[in-house]
Each structure stands twice: as structure tokens, then as C-alpha cells.
Number of protein chains: 2
Amino acid sequence: MNLMVTPERRTVSRPFAEKRRIGTAVLELFPVGTVLCASDPSGCPIYLIHEGCIVYSRLATNGIAQLVDVYGPGDVFVHPSAPSLAEVRMECRYEVLSLRRHARMIHESLVENIDRAHRHVALLCGKTAVQRIATVLIDLALQFGADPITSATLTLPLTRTEIGDWLGLRGETVSRVFSELIRQRAISLDTNRRLCVKNWQTLSCIADGVDRCIGRAMAI
Amino acid sequence: MNLMVTPERRTVSRPFAEKRRIGTAVLELFPVGTVLCASDPSGCPIYLIHEGCIVYSRLATNGIAQLVDVYGPGDVFVHPSAPSLAEVRMECRYEVLSLRRHARMIHESLVENIDRAHRHVALLCGKTAVQRIATVLIDLALQFGADPITSATLTLPLTRTEIGDWLGLRGETVSRVFSELIRQRAISLDTNRRLCVKNWQTLSCIADGVDRCIGRAMAI
DNA sequence: CGGCTTTTTGAACGGACTCAAGACGTGTGG
DNA sequence: CCACACGTCTTGAGTCCGTTCAAAAAGCCG
């Protein structure tokens with residue numbers, strides 16, 4: 001469920017930060033594998049993510065990492081000063097927001113982030129393993145789907161164990177549920193990391209806990 | 001696990017809001033039982049709680065309420081526009097913060113609230129029933145303890161079922177764990193709602209998942 | 001290919017749930 | 001003051017979902 005943090009995982013901090021200018025905003029780039037550490041305690045940096053994926057884990061006092069959120073395009077990620085770990089899983093194009101100039105937008109984003117965390121709490125409190133996984137697969141597909149229209153296929157930014165960690169499950173359970181979802185033709189796996197949503201309605205019904213999905217299953 | 005919302009529970013909105021002026025800040029008062037509804041969508045009100053207790057529940061699309069957080073003295077509570085329910089459980093003296101004038105403080109509070117939610121996610125993902133309950137009892141005692149120094153005794157603002165809802169457990173389980181904690185002399189119950197922490201160390205060890213607490217148990 | 005991690009699948013176990021009955025507390029009316 | 005009703009709380013017995021442990025298969029990269 002939880003992963004011990006090996007020493008070398010927490011060393012790097014912004015190895016490369018290639019800058020480029022697009023429009024008026026200054027966009028910077030984090031390559032895959034970058035690990036952001038909580039730096040100076042006073043000013044928590046605020047990133048508006050344009051592209052890519054950041055996986056955020058909290059570090060408990062006992063040194064155990066708990067994966068708590070996955071940020072994608074459009075999300076605002078505030079790296080708190082609390083002991084934590086933010087890993088770039090997909091090449092990440094971002095913009096650093098200034099608290100003064102973007103006050104209103106940052107505020108609204110933070111309120112949204114709180115609600116997002118509360119939705120996740122509700123997920124953990126009220127749903128079974130199958131429902132949890134179906135739910136996050138829908139979310140991930142909408143966030144990271146290759147085709148912006150269908151959102152059908154996506155590259156999972158997490159291993160099975162990490163998905164389990166995020167959802168309060170074990171990797172084995174995630175694997176079992178994936179197999180079950182494939183059996184029900186809700187999804188399919190291209191490779192282990194390439195996932196394709198085959199039937200949104202089925203997946204959605206499973207996510208909502210509807211046992212018997214009304215209406216016929218769509219062919220392919 | 002979840003409670004259906006009966007129609008009459010969501011009607012009232014700020015029945016009385018007695019104002020009084022203390023220092024420079026305008027303090028208002030919510031009596032016990034007040035139910036705050038998400039009002040106008042644009043401006044989510046921001047409350048700095050000086051005294052009392054607000055229990056915040058999210059409403060899922062299926063009409064099921066999920067208790068997600070308990071706010072107490074010193075907390076900043078932003079009532080989002082998302083469908084939700086905020087109930088005043090202990091007479092609540094509060095201050096409405098202006099986004100302009102308290103920008104910096106509000107920002108820091110929101111970041112803290114996100115971390116608080118993430119800690120709760122970690123709790124749900126990584127702890128057993130006993131650990132979860134021991135953890136929140138410590139938190140509640142520190143937040144709502146009658147004596148600000150010892151924090152030993154407190155009035156629980158939640159029923160067993162609600163604590164269970166908050167922690168992803170059933171009321172029966174909460175009750176069983178309470179009995180077990182009493183058996184271990186970690187806590188005691190004066191009445192069903194009046195709880196007393198008898199041994200902080202024991203409770204803390206249980207919360208952290210330490211099986212065998214080092215050191216002798218303190219007498220009473 | 002060889003060594004590594006990740007993933008899959010199975011079988012047995014256990015913690016929390018479910019259902020049910022009874023005890024306790026509290027408020028109400030006689 | 002007691003009797004009663006009602007909601008909350010406690011406790012028990014059986015069940016089930018997700019875990020644990022283990023082994024093998026599949027990917028991945030030098």
C-alpha cells in the first residue's frame with residue numbers, strides 16, 4: 001500500500017527547466033523523471049500545468065509515502081512546504097503563477113482542489129474496489145486521453161501498485177479488477193500502460209455502483 | 001455508511017446571525033443546528049471560525065451525503081458552491097473574511113486545508129479502523145478539548161454513525177473500537193457524547209499502529 | 001539472451017460489514 | 001414521578017471483500 005522512499009528518489013530538484021515564451025506567459029518545461037522537492041518554506045511555488053502530469057505524494061513522519069493526487073493539464077498545483085514528493089511522469093509544460101497577479105484565479109483553483117480532495121475522500125469512504133478503479137479510469141481518461149474528443153486511449157502515468165496506493169488498495173487487487181473490466185469489455189489494454197476505454201456507459205455504471213447496466217451493451 | 005438527506009435538513013440558511021463587535025473584527029454567531037447552504041455561486045463565503053464547530057458534508061449526485069471534514073476554532077472554512085451541507089454542531093462564533101483584505105492569510109489557510117484533506121486521504125488509505133479512530137480522537141481532543149491545556153475531555157460533535165461515515169467505517173465498528181479503547185484504558189466515556197482521553201501515549205501509539213507500546217502504562 | 005521490475009493469477013486468511021437483538025438515554029405526556 | 005416512545009449505542013454471529021503470501025508469466029532494457 002505504501003512505498004518506502006529510497007534516498008536517491010528525493011535528491012533531484014529541477015534538473016533542467018527549459019524556458020520558452022508563448023504568448024505573454026512564460027512556459028517552462030520539466031522533463032520526465034523530475035522530482036520537485038518542497039524548497040523554501042515561505043513561498044510555495046504555484047504551477048499552472050499546461051501539459052503533462054505530476055504525481056504528488058505526501059511523506060508521513062514514519063517515512064512512508066502516500067500518493068494523494070495526480071495533476072494534469074489545466075490543474076493548478078501548489079507545492080506545499082509539508083514533506084512531500086512531486087514527480088513528473090509525463091513531460092510537463094507549466095507556468096509559474098504569481099500570487100499577486102493571479103490572485104483570483106489561484107483562489108478559485110485552490111477551492112476546486114479542496115473539492116477534488118473531498119471527492120476523493122468520498123470515493124475512499126463510499127465505494128468498493130471496482131467502483132473506485134472504474135471512477136479513476138474515467139477521470140484519468142478525461143485528463144490524459146490522447147484524443148481530446150474521444151479520450152478513449154491513454155497512457156497510464158502510474159503502476160498498478162501506485163494506483164492501489166492512491167485508492168487504498170493493493171496492486172494485486174488493481175490487477176484483478178483490470179482483468180474483470182476487460183472481461184466485461186469496459187476497457188482493453190494495448191500494452192500494460194496503454195489503456196483504452198471501450199464502453200463509457202458500462203464503465204460509468206460500474207463506477208456509480210449500478211449492478212445491472214440498463215440498455216444493451218454497445219457492440220465494440 | 002452514507003446518510004440520505006431528508007428534505008427538511010436542507011432548508012434553513014442562516015436563521016439567526018447575531019452580530020457583535022470584538023476588537024476590529026466583526027464577529028457573528030451561528031446557533032447550534034444552523035444549516036448553511038451554498039448560496040450564490042460566484043462568491044463563496046469565507047469564514048474564520050473563532051469558536052464552535054461546523055460539520056461539512058458533500059452531496060453526491062445520487063443525493064447521498066458524505067461527511068468530509070470537521071472545522072473548529074482557528075480553521076478557515078470556505079463554503080464552496082458545490083452541492084454540500086454545512087451544519088453547526090457547537091455554537092459558532094465566526095468572522096467573514098474578505099478575499100481582498102485577507103488575501104495572504106486566506107491563501108495560506110486554503111493550502112493548509114488541502115494538506116488537511118490529503119492527510120485524511122492518507123488516513124483512509126493506510127490505516128485500519130482502530131488506527132483511524134484513535135487518530136481522529138486525538139485530533140478532535142486537540143481541536144475541541146474543554147481544557148485548552150490538557151485537552152483531555154471533549155464533547156463529541158458527531159454520532160457514532162457520523163464518525164464512521166467520516167472514516168469510511170460503519171457506526172457499529174466505531175462503537176466496537178470505542179469499547180476496545182476503553183478496555184485498553186486509552187479513553188473513557190463520561191456519557192455517550194462526553195469523551196475523556198486517559199492516556200495520550202497509548203492512544204498515540206495505537207494511532208500510529210505501534211502494536212506494543214514501549215514503556216509502562218500510566219496508572220489512570 | 002539474462003537480469004530486472006512489473007503484472008497476473010491462485011488459495012487461504014482476516015478485518016470490517018451485515019443483520020439482528022437488546023440496552024441505554026432522552027424527551028414527552030399522563 | 002412513572003410509563004412510554006424514539007433514537008442512539010452496544011454486542012454477537014455469520015458473511016464477504018480485499019489482503020496476504022506465493023509462484024509464475026510478461027515486459028523492459030542493458
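Two strands count as paired if DSSP finds at least two bridges between them, and strands (E, at least two residues) and helices (H or I, at least four) are DSSP runs numbered from the N terminus. The model is predicted, so that local features need pLDDT of at least 70 and side-chain atom pairs count only at pLDDT 80 or more, while totals for chains, interfaces and linings use all residues. Residues are numbered from 1 along each chain as its sequence is written, and chains are lettered from A and ligands numbered from 1 in the order in which they are written.

**Exercise 1.** Find the bridge partner of Leu154(A) in S11(A), and describe the sheet around it.

*Solution.* Begin with the pair itself: Leu154(A) is bridged to Leu195(A) in S11(A). Strand S11 (residues 194–197) of chain A runs antiparallel to S9(A), to which three bridges join it.

**Exercise 2.** Determine which residues of chain A belong to each domain, and what each domain gives to the contact.

*Solution.* Chain A divides into domain 1 (3–119) and domain 2 (127–208), with bounds from an automatic or database domain assignment. Domain 1 of chain A brings nine residues to the contact and domain 2 of chain A seven, where contact requires C-beta atoms, placed from the backbone, to lie within 7 Å. On the side of domain 1 that touches domain 2, S6(A) gives the most, with three residues.

Note on methods:
Contact = placed C-beta atoms within 7 Å.
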